[in-house]
Amino acid sequence: MLPTRARRCRRAEDYLHEAAQANNPASGTFYDPAKTGVRLTSLGVHEHWNNPTNKQYSRNLGTGQGIELVALTATRPDAVLAVSQAGSQAVVSWQGSLTDFRLQSTTNVTATNSWSDVSNSPALVQGRNTVTDEISGKRRFYRLAR
């Protein structure tokens with residue numbers, strides 16, 4: 001007998017098979033939700049891919065019908081900072097999906113090795129990483145670094 005978890009997964013899969021083959025289900029059930037005496041047609045397609053490496057469904061395999069897996073490559077937005085002032089603090093924000101960046105600041109962009117990490121951790125505010133930083137008497141420059 002299968003472990004409980006495997007049995008549950010198997011039963012869930014059986015429901016998908018039943019729905020996909022509602023016009024001729026493996027269980028032999030006559031599905032007639034409208035109570036018209038007319039058998040329900042298929043509720044869609046349920047397939048398994050050919051293997052976990054290729055992940056091809058029937059249409060990927062050239063049948064012309066069924067499910068097709070389309071691979072999408074997500075692009076990341078450019079790392080653009082928005083800087084504003086609120087009283088004696090600089091408010092710096094950037095796209096929230098750019099989580100592998102850290103905010104750095106300097107007062108002298110021409111000096112080498114003058115950039116240092118801003119100690120305040122960003123807070124996610126309306127989809128943007130946001131940091132408030134105390135403004136000292138000098139001009140401050142900001143950048144994102146990996």
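## Strands, core and salt bridges of a predicted chain

Strand β1 (residues 82–86) is joined to β2 by five bridges, and the two strands run antiparallel; here strands (E, at least two residues) and helices (H or I, at least four) are DSSP runs numbered from the N terminus, and two strands pair if DSSP finds at least two bridges between them. The model is a predicted one, in which local features need pLDDT of at least 70 and side-chain atom pairs count only at pLDDT 80 or more, while totals for chains, interfaces and linings use all residues. Residues are numbered from 1 along each chain as its sequence is written, and side-chain values use heavy atoms, with hydrogens and water left out.

Strand β3 (residues 102–106) and β7 are paired in the antiparallel sense over five bridges, and the bridge partner of Gln104 in β7 is Arg143. In a regular strand the side chains alternate between the two faces of the sheet.

The view can now widen to the whole chain, whose secondary structure comes to one helix and seven strands, following the pattern α-β-β-β-β-β-β-β along the sequence. The chain has a radius of gyration of 28 Å, whereas a compact globule of 146 residues would have one near 15 Å; this radius is taken over C-alpha atoms, and the globule rule is 2.2 Å times the number of residues to the power 0.38. Taken along the principal axes, the box that the C-alpha atoms fill is roughly 80 × 35 × 35 Å. Buried residues make up 18% of the 146 residues in the chain, where buried means under 20% relative accessible area, exposed means over 50%, and partly exposed lies in between (1.4 Å probe, protein chains only).

Which residues make up the largest nonpolar core? It has ten: Ala90, Val92, Trp94, Leu98, Phe101, Leu103, Val118, Val131, Tyr142 and Leu144. Strands β2 and β7 each supply at least two residues of this core, and its largest share, three residues, comes from β2. A nonpolar core is here a set of buried Ala, Val, Leu, Ile, Met, Phe, Trp, Tyr and Cys residues joined through side-chain atoms within 4.5 Å. If residues up to four places away in sequence are not counted, Val118 touches Leu103, Gln104, Ser105, Val131, Asp133 and Tyr142, a contact being heavy atoms within 4.5 Å.

Side chains of opposite charge can pair when their charged atoms come close. The count of salt bridges comes to two, the rule being a side-chain nitrogen of Lys or Arg within 4 Å of a carboxyl oxygen of Asp or Glu. In one of them the side chains of Asp100 and Arg146 meet, at 3.4 Å from N to O. Asp100 lies in the loop between β2 (89–95) and β3, and Arg146 in the segment after β7, so the pair ties together parts that are 46 residues apart in sequence. Asp100 counts as partly exposed at 36% relative accessibility, whereas Arg146 is exposed, with a relative accessible area of 61%.

Asp117 forms a salt bridge with Arg102, and their closest N and O atoms are 2.9 Å apart. Because Asp117 lies in strand β4 and Arg102 in strand β3, this pair ties together parts that are 15 residues apart in sequence. Asp117 is partly exposed, with a relative accessible area of 44%, and Arg102 is partly exposed at 33%.

Two loop residues complete the picture. Lys35, in the loop between α1 (4–20) and β1, has a positive phi of about 55 degrees although it is not a glycine, and at 73% relative accessibility Lys35 counts as exposed. Gln126, found in the loop between β5 (123–125) and β6, likewise is not a glycine and has a positive phi of about 50 degrees; at 80% relative accessibility, Gln126 counts as exposed.
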